[in-house]
Amino acid sequence: MEIDLTPKLSQKVYGGDGGSYHAWCPNELPMLKEGNIGAAKLALEKNGLALPHYSDSAKVAYVLHGNGVAGIVLPEKEEKVLPIKKGDAIALPFGVVTWWYNKEDTELVVLFLGDTSKAHKSGSFTNFYLTGTNGIFTGFSTEFVSRAWDLDEATVKTLVTKQTGTGIVKLDGSIKMPEPKKEHREGMALNCEEAPLDVDIKGGGCVVVLNTKNLPLVGEVGLGADLVRIYGKSMCSPGFSCDSALQVTYILKGSGRVQVVGVDGKRKLEITVKAGNLFIVPRFFVVSKIADDTGMQWFSIISTPDPIFTHLAGRTSVWKALSPEVLQAAFNVTPEVENQFRSKRTSDAIFFAPSN
């Protein structure tokens, strides 16, 4: 049975006055389970707080909209309180405890993409909250909490009964949260919209690659990522991950057409994608995209921290490396046709601007 690759939108899981949590369901997007990938979004309103929690999956977080604060505690380390803004990518290894807060009028939205190969449910994140009605405190008996934290019974009951929120709460405006420190961003976050471009093709597109060089913590997460923009009517060269990695793509802005070709040269997907869509390209499948008039922008994770891609068109194409005789024989064409094929796209790479 073939797996449905059709892009999907996220669905709301829970929420309240402080904000909401959304996720992609592996039942609707089967490649999540097949590829051991999780995907979710956190949306916080003003004074919304996502309570401290840890997850069963390593992730990369990407700020889609707004500004806010992220509290991050790596195992056996001190808390880092980061100012975060649109375009920030943050690597979240196993065991990290995080909280997220929005003190601005504008909604704060954070995307999470990660590896669920060690998760409780393949294709889904499970978060374990330290506080709240579904938090760790509420599961232990008064005796255990009292012994563990050396507290009297009255204090324990106060701690438990005061926890009325689940996952996300809205704070009173008078509550003062820790002030973020810019220096805490060092080694923890990278703004993909401000980082130096790894590829910049005039009229075609540009890309910033997130890897162990510019954010070493992604090595612990085991994932790479990139932010890609292609301009109106431009094309992203057909290509595939040659190191058996999966590519998970979230469309940030704009729209365009996508084609995916799989085993036996069969087209497995042909569809128009738009902002909010998530889709996954299986290992070794070839994918290409063409933007609509306004262009298209996407954020992807790749299931290896330093991915390697093979492109099938452009000056870096594998076709350019093959000898003319092999191409003639493989295509069963004359030397003239082979020469015409080889002579095209000699200066373009990865992104192709529209023809005039």
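View 1. Strand E4 (48-55), strand E9 (97-102) and strand E11 (127-129) each put at least two residues into the lining of the largest cavity. (Strands are DSSP runs of type E with at least two residues, numbered from the N terminus.) E4 gives the largest share of that lining, with four residues. This is a predicted model, where local features need pLDDT of at least 70, side-chain atom pairs count only at pLDDT 80 or more, and totals for chains, interfaces and linings use all residues. Residues are numbered from 1 along each chain as its sequence is written, and side-chain values use heavy atoms, with hydrogens and water left out.

**View 2. Here is the space inside the largest cavity.** What counts as a cavity? On a 1 Å grid over the protein atoms alone, a cavity is a set of points where a 1.4 Å probe fits but cannot get out, and lining residues have an atom within 4 Å of a point. Grid points are joined across faces, edges and corners, and the volume is the space filled by probe spheres set on the points. By this rule there are two cavities of 30 Å³ or more, and the largest has a volume of about 170 Å³. It has 18 lining residues, with His53, Lys59, Thr98, Phe112 and Asn127 nearest its centre. Sorted by class, the lining holds eleven nonpolar residues, six polar and one charged. (Ala, Val, Leu, Ile, Met, Phe, Trp, Tyr, Cys and Pro count as nonpolar, Asp, Glu, Lys and Arg as charged, and the others, Gly among them, as polar.)

**View 3. Now for the second largest cavity.** About 40 Å³ of space lies in this one. Its lining includes Gly239, Phe240, Ser241, Phe284 and Phe309. Strand E17 (residues 235-241) gives the most to this lining, three residues. There are eight nonpolar and three polar residues here, and no charged ones.

View 4. Strand E18 (residues 247-261) and strand E19 (residues 267-274) pair in the antiparallel sense over seven bridges; to pair, two strands need at least two DSSP bridges between them. Val261 sits opposite Arg267 in E19. Five residues lie between the strands of this hairpin, where Asp264 takes a positive phi near 65°.

View 5. Leu64 is part of strand E5 (residues 58-65). Is Leu64 buried or exposed? Its relative accessibility is 14%, so Leu64 counts as buried (under 20% relative accessible area, with a 1.4 Å probe and protein chains only). Beyond its neighbours within four places in sequence, Leu64 has contacts (heavy atoms within 4.5 Å) that include Lys41, Val109, Leu111 and Tyr250.

Key: 1 Å grid on protein atoms, 1.4 Å probe; cavity = no way out; pocket = protein on both sides within 12 Å on 5 of 7 lines; lining within 4 Å. Buried < 20%, exposed > 50% of the residue type's maximum accessible area, 1.4 Å probe, protein only.
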